[in-house]
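I opened this notebook to record, entry by entry, what I looked up in the structure. The order is that of my reading.

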Amino acid sequence: MRSMIIALVSIVALFGGTTFAEAQDATTEIFEFVDGNDDGKVEQAEIVHHVVLIFIGLDLNGDGVLSPDELVDQDPVAVTASDTDGDGQLTLEEAIKNRLQEFNEADADGDAGIDLDEAKRSEG
Ligand SMILES: [Ca+2]
Ligand SMILES: [Ca+2]
Ligand SMILES: [Ca+2]
């Protein structure tokens, strides 16, 4: 099971051109980056917001689907995990669904937000 913070790391890595290893050393910065309204929690809306932005950025031909050639730079394990219908392509729905699933797994106290403690705990 991949953790929430891995999801956040891959999100930020896409944006910043940071390598995966570099990003993993910076849990707090990543957290603050994704926490768009600075309330100390990452909410579902903030996750969806980032997924949509990333999706648009990756969908080079603008057909609303991420095809294998648009996913070459992504972690293949993450891509496979997100590709629920196994057709080798990612729809926005698949991308969001997978992130929200990770969100729910990381949200230990069920308050619909991931605080920094939960993010760090989900790392292990
Ligand atoms: Ca927030
Ligand atoms: Ca596409
Ligand atoms: Ca698919």
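**Entry 1: Glu-70 and its surroundings**

I began with the contacts of Glu-70 and found that, apart from its neighbours within four places in sequence, Glu-70 touches Leu-58, Asp-59 and Leu-60. I note at once that the model is a predicted one. I then located Glu-70 in the loop between β2 (65–66) and α5 (76–82). Next I looked up Gly-57, which lies 13 residues from Glu-70 along the chain; the C-alpha atoms of the two are separated by 9.9 Å. I classed Glu-70 as partly exposed, because it has 18 C-beta neighbours inside 10 Å, whereas a buried residue requires 20 or more.

**Entry 2: The chain as a whole**

I turned to the overall layout and recorded seven helices and four strands in the protein chain. In sequence order, I read the pattern α-α-α-β-α-β-α-β-α-β-α. I noted that the chain has 124 residues, of which 28% are buried. For contacts with a separation of 6 or more, I found that 51% are between residues 24 or more positions apart.

**Entry 3: Helix α6 and Asn-98**

I examined helix α6, which covers residues 92–106 and contains Asn-98. I checked its length: at 1.5 Å a residue, the 15 residues of α6 should span 21 Å, and the end C-alpha atoms are 21 Å apart, which agrees. I listed the buried residues of α6 as Glu-94, Ala-95, Asn-98, Arg-99, Glu-102, Phe-103 and Ala-106. Why is Asn-98 buried? I found 20 other C-beta atoms within 10 Å of Asn-98, and the cut-off for a buried residue is 20 or more. Setting aside neighbours within four places in sequence, I found Asn-98 in contact with Ala-81 and Ser-82. Ser-82 is 16 residues from Asn-98 in sequence, and I noted a C-alpha to C-alpha distance of 5.4 Å.

**Entry 4: The packing of α4 on α6**

I looked up how α6 meets helix α4 (residues 44–58): the two pack at an angle of about 145°, with axes 10 Å apart. I recorded the crossing of α4 past α6 as right-handed. On the α4 side, the contact is made by Gln-44, Ile-47, Val-48, Val-51, Val-52 and Phe-55. On the α6 side, I listed Leu-92, Ala-95, Ile-96, Arg-99, Leu-100 and Phe-103. By class, I noted ten nonpolar residues in this contact, with one polar and one charged.

**Entry 5: The nonpolar core**

Which residues have the most contacts inside the largest nonpolar core? I found Phe-31, Val-42, Val-51, Phe-55 and Ile-114, in a core of 15 residues. I noted that α3 (27–34), α4 and α6 each give two or more residues to this core. The largest share comes from α4, with four residues. As background, I wrote down that nonpolar side chains in soluble globular proteins tend to be buried together.

**Entry 6: Two positive phi values**

I finished with two backbone angles. Asp-38 has phi near 55°, a positive value in a residue other than glycine, and I placed Asp-38 in the loop between α3 and β1 (41–43). Asp-38 is exposed, because 7 other C-beta atoms lie within 10 Å. Ala-112, also not glycine, has a positive phi near 65°; I placed Ala-112 in the loop between α6 and β4 (113–115). I counted Ala-112 as exposed, because it has 12 C-beta neighbours inside 10 Å and the limit for an exposed residue is 12 or fewer.

Conventions:
Residues numbered from 1 in each chain as written. Chains lettered and ligands numbered in written order. Predicted model: local features only at pLDDT ≥ 70, side-chain atom pairs only at ≥ 80, totals over all residues. Contact = placed C-beta atoms within 7 Å. Axes fitted to C-alpha atoms, helices over the stretch in contact; angles between N-to-C directions. Left-handed = near helix turned anticlockwise from the far one by under 90°. Nonpolar A, V, L, I, M, F, W, Y, C, P; charged D, E, K, R; others polar. Core = buried A, V, L, I, M, F, W, Y, C linked by C-beta atoms within 7 Å. Expected span 1.5 Å × (residues − 1).
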